[in-house]
Amino acid sequence: MKKYLTAIFIIIAFCIEQKVYAESTIPVSNAIKSGISAGDFSKSYKTSSENLLYLLLSAISENNYLIEEIQFKTGSVLFKAYTKEFIASVSEQDGVNSFVKIIPADNNYNFSPSLIEKLHTYIESNNKINFQKIL
């Protein structure tokens, strides 16, 4: 009888320890996703949408990201940063303000937010530049 009680006690003890250990761990995917907020993807600037599109293209080139496709009519750019593809779209809010939204093409948000922050920093620092068409 003692052997059965000790065997049951040992089995219960190991099961309880594993359950407590499993509940105290943090999944890696949630830890990575928590570093990126919704405000990091879109940002408004005081410039025209055409000028913002050119600033975005120069920011992508400056950071050595690969531009795969540009659609001037819709104001969207498909580019590749390292091994991940992103879609950037530029829209006009009113006559003075425009905004840019940069999201991953595969809806997988497990990446470093510094990729997008670099583009926004470049646009903010060069926002005073106005591009002109040369005829």
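Because the model is predicted, local features need pLDDT of at least 70 and side-chain atom pairs count only at pLDDT 80 or more, while totals for chains, interfaces and linings use all residues. Residues are numbered from 1 along each chain as its sequence is written, and side-chain values use heavy atoms, with hydrogens and water left out.

**Overall make-up**

- The protein has 4 helices and 5 strands; helices (H or I, at least four residues) and strands (E, at least two) are DSSP runs numbered from the N terminus.
- From the N terminus on, the order of elements is α-α-β-α-β-β-β-β-α.
- Of the 135 residues in the protein, 25% are buried; buried means under 20% relative accessible area, exposed over 50%, and partly exposed in between (1.4 Å probe, protein chains only).
- Among contacts (heavy atoms within 4.5 Å) between residues at least 6 apart in sequence, 56% join residues at least 24 apart.

**Strand pairing**

- Strands of a sheet pair through backbone hydrogen bonds, either parallel or antiparallel.
- Strand β2 (residues 66-71) is joined to β3 by 5 bridges, and the two run antiparallel.
- Within this pairing, Glu-69 has Leu-78 in β3 as its bridge partner.
- β2 and β3 form a hairpin with 4 residues between them, and Gly-75 in the turn has a positive phi of about 75°.
- β4 and β5 run antiparallel and are joined by 7 bridges.
- Glu-92 stands opposite Ser-98 in β5.

**Helix α3**

- Just after α3, Asn-64 has a positive phi of about 60°.

**Helix α4**

- Helix α4 (residues 114-125) has 12 residues and spans 16 Å from first C-alpha to last, close to the 16 Å expected at 1.5 Å a residue.
- Leu-115, Ile-116, Leu-119, His-120 and Ile-123 are buried in α4.
- Seen down the axis of α4, its buried residues fall within an arc of 130°, so they line one face of the helix; the arc is that of the directions from the helix axis to the C-beta atoms.
- Those buried residues of α4 pack against β1 (42-45), α3 (49-62), β3 (76-81), β4 (84-92) and β5 (98-104).
- His-120 counts as buried, at 7% relative accessibility.
- Leaving aside neighbours within four places in sequence, His-120 is in contact with Asp-40, Phe-41, Lys-43, Tyr-45, Val-100 and Ile-102.
- Ser-114, also in α4, is partly exposed at 30% relative accessibility.
- Ser-114 and Asp-40 are 74 residues apart along the chain, and their C-alpha atoms are separated by 9.6 Å.

**Aromatic pairs**

- The whole structure holds 6 aromatic pairs; rings of Phe, Tyr and Trp (its six-membered ring) pair if their centres lie within 6.5 Å, and planes under 30 degrees apart count as stacked, over 60 as edge-to-face and the rest as tilted.
- Tyr-54 and Phe-72 form a tilted pair, 6.2 Å centre to centre with 50° between the planes.
- This pair links distant parts of the chain, with Tyr-54 in helix α3 and Phe-72 in the loop between β2 and β3, 18 residues apart.
- Tyr-54 is partly exposed, with a relative accessible area of 29%.
- The ring centres of Phe-79 and Phe-86 are 5.6 Å apart and their planes are at 20°, so this pair is stacked.
- Phe-79 and Phe-86 are both buried.
- Tyr-65, Phe-79, Tyr-82, Phe-86 and Phe-111 are linked by ring pairs into a cluster.

Conventions
The expected span of a helix is 1.5 Å times one less than its number of residues. Two strands pair if DSSP finds at least two bridges between them.
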